[in-house]
Amino acid sequence: MRVVHLSCGEFANESERSAFHAVDVALREVDGEGDVYVLTNLTHANPPRQADEIDLIVIGPAGAVVVEVKHWNFASLRRHPDADAAVALIIEQSRRLAER
């Protein structure tokens with residue numbers, strides 16, 4: 001498949017860059033016709049709160065997938081007792097996006 005990258009902003013960290021690269025490589029290996037569009041770092045208004053940033057949106061013939069990338073590993077989660085709160089925010093953001 002042909003992959004079209006539409007950058008809507010800079011990668012926040014190496015994890016986002018690495019995630020895009022992995023998706024790009026995997027999609028290019030898929031046999032088939034058509035284009036797949038990968039939007040990265042798309043800002044999404046969320047009044048009255050701060051805007052949400054969507055790390056990756058993959059849109060292709062089979063549908064769309066939203067990917068939230070975290071710069072976490074097991075050691076960092078163990079050091080931060082507020083990891084559960086961060087996960088709750090991700091879930092809340094996902095629900096808001098699903099409602100639109």
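Q: Where is Phe20 found?
A: Phe20 sits in helix α1, which covers residues 14-28. A helix here is a DSSP run of H or I with at least four residues, a strand is a run of E with at least two, and both are numbered from the N terminus.

Q: What kind of model is this, and how are residues numbered?
A: This is a predicted model, in which local features need pLDDT of at least 70, side-chain atom pairs count only at pLDDT 80 or more, and totals for chains, interfaces and linings use all residues. Residues are numbered from 1 along each chain as its sequence is written, and side-chain values use heavy atoms, with hydrogens and water left out.

Q: Why is Phe20 called buried?
A: Buried means under 20% relative accessible area, exposed means over 50%, and partly exposed lies in between (1.4 Å probe, protein chains only). Phe20 has 13%, so Phe20 is buried.

Q: Which residues does Phe20 touch, leaving aside its neighbours within four places in sequence?
A: They are His5, Phe11, Val38, Thr40 and Leu56. Contact means heavy atoms within 4.5 Å.

Q: What makes up the largest nonpolar core?
A: A nonpolar core is a set of buried Ala, Val, Leu, Ile, Met, Phe, Trp, Tyr and Cys residues joined through side-chain atoms within 4.5 Å. The largest one has 10 residues, among them Phe20, Val38, Leu56 and Val69. Helix α1 gives the most to this core, with 3 residues.

Q: What joins the side chains of Asp24 and Arg28?
A: A polar contact of 2.8 Å joins them. The term asks for a pair of N or O atoms within 3.5 Å; within protein, one must be able to donate a hydrogen and the other to accept it, and residues adjacent in sequence count only if both atoms are side-chain atoms.

Q: How do you know that β1 and β2 pair?
A: Two strands pair if DSSP finds at least two bridges between them. β1 and β2 have 6 bridges in the parallel sense, so they pair. One example is Ser7, whose bridge partner in β2 is Thr40.

Q: Why do β1 and β4 stand at the edges of the sheet?
A: The open sheet has 4 strands in the order β1-β2-β3-β4, with mixed pairing. β1 (2-7) and β4 (63-67) each have a single partner strand, so one side of each is left without a neighbour in the sheet.
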